[in-house]
Amino acid sequence: MWIDTQGFKEVSKELKRMRDAQVPAITKAIDDAAVFGKNLAVDKIFNKFGYKSKSYVEDTFFVSIHPNDLTAHISARFRATSLTRMAKPRYRTGKKGQSVLNGYDVSAYKNQPVWFKGAFTIIGQNGNQVMFMRKRKDNSWRKIGKQKAKKAGTKDQKPLYGPSVWGAFKYMRDDIEPPIIKHLRERYGHHAK
């Protein structure tokens, strides 16, 4: 008994041709879905958390696309965010009628400000604004200005930080996954035509 296996070679060749024909459509769909996912994450984070600037959130996101293995990765900055990016100064009227800084309203979540009465900011080592907090009967904050060039903060005073963009992104991942999958399918259907 003799079996001709020539047909399997032709099937393999046809499957390879079909796969090669679909790779550009898949790659374009992945590119579109990655950009869509990044924009969706930026919008959701900016609408949920109290960052003053949307461009700050956008600048801390990174998209890397790997066409060889047809994958895309969306990541964000891991370092904690200075509370100055979520704060608005609060003023009171002084004894002579002038406006005097009376701390900051900090909104870690959108439209939920918390008053940091003794808060103040300085320019830190890297040129960034850093927020500190005065406490009653604690004058260690006075040493901060003298040490500014070396290191911001003292043993008793630590800079105040809010959530990192990565932490906010991690919190939002389950909410944005279904729309990204839906968008990926739509874009693949569009490019495969």
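Author: To begin at the surface, Val 11, Leu 15 and Met 18 form a nonpolar patch with about 280 Å² of accessible area together. Patches take residues with over 30% relative accessible area and no salt bridge (a Lys or Arg side-chain nitrogen within 4 Å of an Asp or Glu carboxyl oxygen), and nonpolar side chains are joined within 5 Å. Areas are Shrake-Rupley values with a 1.4 Å probe.

Reader: What should I keep in mind about the model?
Author: This is a predicted model, in which local features need pLDDT of at least 70 and side-chain atom pairs pLDDT 80 or more, while totals for chains, interfaces and linings use all residues. Residues are numbered from 1 along each chain, and side-chain values use heavy atoms, without hydrogens and water.

Reader: Where is Val 11 found?
Author: Val 11 is found in helix 1; helices are DSSP runs of H or I with at least four residues, and strands are E runs of at least two. Val 11 counts as partly exposed because its relative accessibility is 48%, between the limits for buried (under 20%) and exposed (over 50%).

Reader: And Thr 27, buried or exposed?
Author: Thr 27 is buried, at 18% relative accessible area. Thr 27 also lies in helix 1, residues 6-48, and touches Pro 67 and Leu 70 (heavy atoms within 4.5 Å), leaving aside residues up to four places away in sequence.

Reader: Which phi does Leu 70 take?
Author: Leu 70 takes a positive phi near 55 degrees in the hairpin of strand 1 and strand 2, which has 4 residues between the strands. Strand 1 (61-66) and strand 2 (71-76) run antiparallel, joined by 6 bridges; strands pair if DSSP finds at least two.

How values were computed: Buried means under 20% relative accessible area, exposed over 50%, partly exposed in between (1.4 Å probe, protein chains only). Patches are made of residues with over 30% relative accessible area and no salt bridge: like charges are joined within 9 Å, nonpolar side chains (Val, Leu, Ile, Met, Phe, Trp, Tyr) within 5 Å.
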